[in-house]
Amino acid sequence: MRIATSLLIAVLLVPAVWLFSDGRATASSAGPEFVAFESGQVRPLAMSPDGRTLFAVNTPNGTLEIFDIATGNPEWKGRVPVGLEPVAVAAPSNDEVWVVNHVSDSVSVVSLRDVPHVSRTLLVGDEPRDIVFAGEPSRAFITTAHRGQRRTDPALANVPGAGDPQLTTPGIPRADVWVFDSASALDVPVRILSFFTDTPRALALSPDKRTVYVAGFKSGNQTTTVSDGRVCPGFDANRPCRMRDGSMSPGGNPGPATNAKGDPAPETGLIVKFNNESGHWEDELKRVWDSAVRFTLPDTDVFAFDADTLMQKAEYAHAGTTLFNMAANPVSGAIYVSNTEAFNHKRFEGPGKFAGQTVQGHLAESRVTVIAGGQVTPRHLNKHLDYNKLAGSPGFDLSARDHSLSTPLDLAVSADGQRLYVAAFGSSKVGVFPTASIEDGSFDPRTASEAYIPVSGGGPSGIVLDEPRGLLYVLTRFDNSVKVVELESRREVSSLPMLNPEPESIVAGRALLYDATRYSGNGEASCASCHQFGDMDDLAWDLGNPDGAVARSPIPINFGGFLTNPLLLQLLGFPYKLNGSGKPDDFHPMKGPFTTQTLRGLRYSGAMHWRGDRSVGPAGTSAFDANISFLNFIGAFQDLVGSPDPPTSAEMQAFASFQLQVLPPPNPVRNLDNSLTPAQKRAADFYSGTRPAAGINSPLADALGGKASFTCNECHELNPAKGFYGTGGNQSFENLPQIVKIPHLRNMYAKVGMFGTPQVSFFDAPDSGAMGKQIRGFGFTGDGSADTLFRFMTASVFRPTSNSGFPQNNPDGMRRDMEQFMLAFDTDLAPIVGQQVTLTGNNGAFANPRVELLLQRAAAPFYSRALNASAPVMECEVVAHTVREGRLRPFLYDPAAKRFIAADGGEPVTETEFRAWAASGQAVTFTAITPGSGARYLAAQ
């Protein structure tokens, strides 16, 4: 149900909207009506304990939808505004529902008594995802990333596990579970538990609800990059060489040394994988690279802990690379984990003719992993696929995709423990399996698919079984609806559309990111195989194409003048033949390992890919045109996804129009008032200052090779009014084997977790030495081989001199400051966006200052081209909701008048009046929403 905002206002806000001092009905900040985040839903459906009510999160609308299912004919009963991007819901009782808000970093406690409304708001860590209830007394468990402003709030000073997330400290667990006493009126957790895996997503309970299971989301697969500086020069795989530290490298790159046309390939690093049987880091030739890796990756994915004592009981490794959801068998207690297993240790896209290998169509296998009896047993859901037969090749069976399931998300198990239901997000199906066949692996997808349940709308993300009524409820994200399926007939009997504020351009293009039935040859691969929910998979891939041709780059190159002067390169001691060919403007099709980049925030970032190699467009077009660059990804549908029928031009434009609107979330490290810490401020001053940070600050060098030195900001341009957050779009020569595009810096905090790097010539930092167990195998720089931002800033191009590079006086001090600044780097949205607080009669000491903070930021100017290309907006708008006169009433804050305007045309309300209402026992919830969305937000409630 998508209704134009103007119609919504006319229908829902009659007889008046909100009248500001000049008599106009308007939003309080001139930004877009809707901002897309593309948050992944985790547990989007829940049923009340008495089975009479169904709850659904309406992620784009920021609401909880309530359906009466008592009669067997579901009927929508109402909605409650919660936080931004709700992704999970749980109902501990018939009178209360808890909703996890992914962008708001909060949990909305919704009271269903009388008028449904938010009675409390619990503030948690960054990007919460899932929630369950267990233990005695009843406790709520919420997964979050190991970061976020709330972690260091003074109010949590006495909470075990709270405090500094230690983003620059090795060996720190990165998966948090916040534990709340669900019956307590206190809004602080009992404890914050941390587990040795990456940011978590899913939770599950044992049948007796005494054991809680938590799983890392993008937990990795024991792969890492060996930097090109640790690989012997040339492409002789059988010729070892000695490194500067005295260790031996087993040889050169496995090759081929050229593409099919004979163009010499650039020197690159390579991806290695830990072999748990041999105990060594190995490449595809089984060569041992232990001397080039300084850490271990235990790959612990799932953890079990006692719901009462909160002590860890067990941990399970190798459950999958990307873990989506979990469910317990209510009879046996077996845990089922929906996941995908990435094959990033395999190389190359394209047809695989010249090199004899390709990952086309075989990016990540869709699986359900069974954890039972202490054993971890992965089951490939699409084991019928023959990955050796590429789309369009002789013997390729296109009909195989009809039996495939892609991107398995939510899981449900029948009450008798006999049947498992799997929501296949990329297939528009719900897989149905006898649990015994999953546990013993006996299922055959070609016959098992006869029991699969097709659902309309696309993107099934959540499922709830209603066995007494013989029904299955399915939330379909693509059309933002709840589907009702009759279990016996496997027939969809009704569809319940939810209010959708997304513009048609977002809805129309979303499927191209996920749909593996229409856009892949085998029904399993999709763009989301690597870009889960439009983001990163935290891995590196070598997706060169040896069958491809060299292309020419149209992008300007910083330090480009040096590259046309061989004498200068020789004086600099550059050891490589740049780009393989020696030509600075070459894009060689064999590029080596590069980490997966996010698809969020692309609109003003220029050409795409680490080298900018998606920049080549029709004659006369700009090298910085993001739309053209995105359209160039059409080649990936055939070369990588394995589509026999790639998207049409119109479909590809729909994809671009969708994805270019998606923004990254606010920075969870930056202070909520958008201020900088002293360390961050020192670095920001250096960053924007006049001292060149890279290159040779010399008039002679400028004369010989053009501009020879650049400040931080001249390369990594920070100019929010232009939409630049670390990149102005140029390429740069960085003393690396290939020319790379200068990347943005908005999500550095999301790359933390790898610590340990051997010494290589590119960095002045010493060998880290053995670092022991770490969370991630990939860090910073294009190939992910730099473990920390600090190491990156010891690159030879930043070497301190009297007038360039980092300051000669305490350079490491400035590097540490710069590391902190980059972790808190500016983004398209102010850090206050999404933040909430519920003011009640007993929490004024905490809540009132937070209300003040929200209102202050609603009056603070903010530059962001994505929000307004021509003028600054405010950091946020603030809406308030409370129950008055027997109904839930929304208000929008007018920072000029310092009062709240009633959406229903009633009298304006002051902050003082809200405090009086709260003191009398009526909770008031304040939410900082994206600037410009106030009118749409209130109309959609």
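Author: Gladly, and let me begin with pairing: two strands pair if DSSP finds at least two bridges between them. Strands are DSSP runs of E with at least two residues, helices are runs of H or I with at least four, and both are numbered from the N terminus. This is a predicted model, where local features need pLDDT of at least 70 and side-chain atom pairs count only at pLDDT 80 or more, while totals for chains, interfaces and linings use all residues. Residues are numbered from 1 along each chain as its sequence is written, and side-chain values use heavy atoms, with hydrogens and water left out.

Reader: What makes strand 24 and strand 25 a pair?

Author: Strand 24 (residues 364–372) and strand 25 (residues 375–380) share 6 bridges in the antiparallel sense, and at least two are required. Across this pairing, Arg367 faces His380 of strand 25. The two strands make a hairpin with 2 residues between them, and Gly373 in the turn has a positive phi of about 60 degrees.

Reader: Why are strand 13 and strand 21 said to stand at the edges?

Author: Their open sheet has 4 strands in the order 13-14-20-21, paired antiparallel. Strand 13 (200–205) and strand 21 (312–317) each have a single partner strand, so one side of each lacks a neighbour in the sheet. On average, neighbouring strands here are turned by 20 degrees against each other, direction ignored; the axes are lines fitted to C-alpha atoms, and angles between N-to-C directions run from 0 to 180 degrees. Strand 13 is joined to strand 14 (residues 211–216) by 4 bridges, and Ala204 has Tyr213 of strand 14 as its bridge partner.

Reader: How do you know that the chain is as compact as a globular protein of its length?

Author: The chain has 17 helices and 51 strands. Its radius of gyration is 27 Å, close to the 30 Å that the globule rule gives for 941 residues, so the chain is as compact as a globular protein of that length. The radius is taken over C-alpha atoms, and the rule is 2.2 Å times the number of residues to the power 0.38.

Reader: What share of the residues counts as buried?

Author: Of the 941 residues, 63% count as buried, that is, under 20% relative accessible area with a 1.4 Å probe and protein chains only (exposed is over 50%, partly exposed in between).
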